[in-house]
Amino acid sequence: MKLNWKKFSVVAAIAGALLLTTAAVVFSQNPPQRPDGPPGPPRGPFGHGPQGPRGPGGFGPLAGLNLTDAQKEQIKQIHEGFAEQTKALRDQMRTLHESQRDPMSNFDEAAVRSAAEARAKVQVEMEVAHAKMMSQVVNVLTAEQRAQMAERQKHRPKGPPRPPAPPDEPEF
């Protein structure tokens with residue numbers, strides 16, 4: 001059998017690029033803490049960093065509402081229940097993403113549509129579960145805390161943040 005060096009070099013180049021990309025992703029992640037090593041950064045509620053997902057205390061839009069310890073505990077329990085309830089949905093979404101067709105294979109529009117619709121159905125269920133969880137969290141708040149939160153939501157920018165303007169163009 002004769003070896004086709006052109007094909008071999010293309011396959012080797014693709015494999016090398018894939019290996020380098022994988023290595024970059026793996027090494028850019030936080031390494032696991034060794035049991036005999038120094039302690040890592042302190043973790044906030046729900047396993048987030050010291051500042052939580054969006055601010056001190058890790059309660060995102062609830063940060064700064066002067067939550068009592070009892071309220072914080074109730075909210076933590078609601079979040080933990082949400083995590084348990086949605087574990088199957090998250091696993092299903094992960095499986096759907098992992099089973100995506102190879103982009104280098106022949107294009108099959110029906111298969112792509114089917115996979116996208118399956119992911120969309122799971123996403124809808126996740127959003128419904130999240131809205132239900134947020135409703136439960138809001139019910140833990142006092143009337144004054146709800147008013148503070150509603151006021152903040154009015155002034156919150158809608159949509160993703162605008163990218164910065166290039167240095168040679170004036171901002172609008």
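The structure is a predicted model, in which local features need pLDDT of at least 70 and side-chain atom pairs count only at pLDDT 80 or more, while totals for chains, interfaces and linings use all residues. Residues are numbered from 1 along each chain as its sequence is written, and side-chain values use heavy atoms, with hydrogens and water left out. The chain comes to 4 helices and 0 strands, where helices (H or I, at least four residues) and strands (E, at least two) are DSSP runs numbered from the N terminus.

**The chain as a whole**

- Read along the sequence, the chain follows the pattern α-α-α-α.
- Of its 172 residues, 16% count as buried, a word that here means under 20% relative accessible area, with exposed meaning over 50% and partly exposed lying in between (1.4 Å probe, protein chains only).
- The chain exposes about 14200 Å², of which carbon and sulfur atoms supply 60%; accessible areas come from the Shrake-Rupley method with a 1.4 Å probe, and for residues only the protein chains shown count as cover.
- Among the contacts in the chain with a separation of 6 or more, 57% are accounted for by residues 24 or more positions apart, where contact means heavy atoms within 4.5 Å.

**The nonpolar core**

- The largest nonpolar core has 12 residues, namely L62, L65, L67, I75, I78, F82, A129, M133, V137, V140, L141 and M149; such a core is a set of buried Ala, Val, Leu, Ile, Met, Phe, Trp, Tyr and Cys residues joined through side-chain atoms within 4.5 Å.
- The elements that give two or more residues to this core are α2 and α3 (109–140), and α3 gives the most, with 4 residues.
- M149, one of the core residues, is in contact with P61, L62, L65, M134, V138 and L141, leaving aside its neighbours within four places in sequence.

**Helix α2**

- The 30 residues of α2 should span 44 Å at 1.5 Å a residue, and its end C-alpha atoms are 40 Å apart, which agrees; the expected span is 1.5 Å times one less than the number of residues.
- At T86, α2 bends by about 50 degrees, the bend being the angle between axes fitted to the seven residues ending there and the seven starting there.
- Buried residues in α2 are Q71, I75, I78, F82, T86, L89 and M93, and what covers them includes α3 and α4 (143–155).
- An α-helix has 3.6 residues a turn, so residues three or four places apart point the same way.
- M93 counts as buried because its relative accessible area is 14%, and M93 touches R119, V122 and Q123, not counting residues up to four places away in sequence.
- M93 and A118 are 25 residues apart in sequence and 8.7 Å apart in space, C-alpha to C-alpha.

**Two buried glutamines**

- Q71 lies in helix α2 (residues 69–98) and is buried, with a relative accessible area of 6%, whereas Q145 lies in helix α4 and is buried at 6% relative accessibility.
- A polar atom of the Q71 side chain lies 2.9 Å from the backbone nitrogen of T68.
- The side chain of Q145 has a polar atom 2.9 Å from the backbone nitrogen of T142 and a polar atom 3.3 Å from the backbone oxygen of N66.
- Not counting residues up to four places away in sequence, Q71 touches N66, V140, L141, T142 and Q145, and Q145 touches L65, N66, L67 and Q71.

Methods. Polar contact = N/O pair within 3.5 Å; in protein donor to acceptor, adjacent residues only side chain to side chain.
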